[in-house]
Amino acid sequence: MIVRNRITDKPIPLQELENEFHDPSCGALITFVGKVRNHHEGKKVASLTYEVYTPMAEKIFDAIRQEAISQFGVKKLSIVHRVGPLQIGDVAVWVGVEAAHRDQAFLACHYAIDELKKRAPIWKKEFYEEGDSQWVVCHHV
């Protein structure tokens, strides 16, 4: 499997993704795993679903990747986001960054997830234990 930015409706294979980062010139591998939590703004979340405008999201993921590589000098960065129905504890998003040094990797990873939340056309609908649901703004940083 070649690591690249992508959107998937399948579970995100964390170990497979991490195994693709093995540049011998790099001393840091930072990963961010975003999971579905069971609460939001005082409500108990039962499940959620993500919808995406894939062509635009993929372009934005690529732009974020290039920006992070340029700004922080990292060797490799990848973003994977899951769409469709997800349950509590499921992995919704993964970001992997490989760099010569940890500071670069941490900064690039933080940048990538924040920019994804701000810019990507991804919408989240939460379903609550009380039986109601609502679309939630995903670009809070």
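In what order do the 4 strands of the open sheet lie, and with what kind of pairing? In this predicted model, the strands follow the order S1-S5-S7-S2, and the pairing among them is mixed. The edges of the sheet are formed by strand S1 (6-8) and strand S2 (28-35), each of which pairs on one side only. From one strand to the next, the twist averages 10°.

Helix H3 (residues 102-119), in turn, lies across S2, S5 and strand S7 (91-99), and runs at about 145° to S7.

A local feature of the backbone concerns a loop. Most residues other than glycine have a negative phi. Glu 41, by contrast, has a positive phi of about 50°, although it is not a glycine. This residue is located in the loop that lies between strand S3 (39-40) and strand S4 (43-52). The relative accessibility of Glu 41 is 61%, and because exposed residues are those over 50%, Glu 41 counts as exposed.

Notes
Residues numbered from 1 in each chain as written. Predicted model: local features only at pLDDT ≥ 70, side-chain atom pairs only at ≥ 80, totals over all residues. Heavy atoms only, no water. Helix = DSSP H or I, 4+ residues; strand = E, 2+ residues; numbered from the N terminus. Buried < 20%, exposed > 50% of the residue type's maximum accessible area, 1.4 Å probe, protein only. Pairing = 2+ DSSP bridges. Axes fitted to C-alpha atoms, helices over the stretch in contact; angles between N-to-C directions. Contact = heavy atoms within 4.5 Å.
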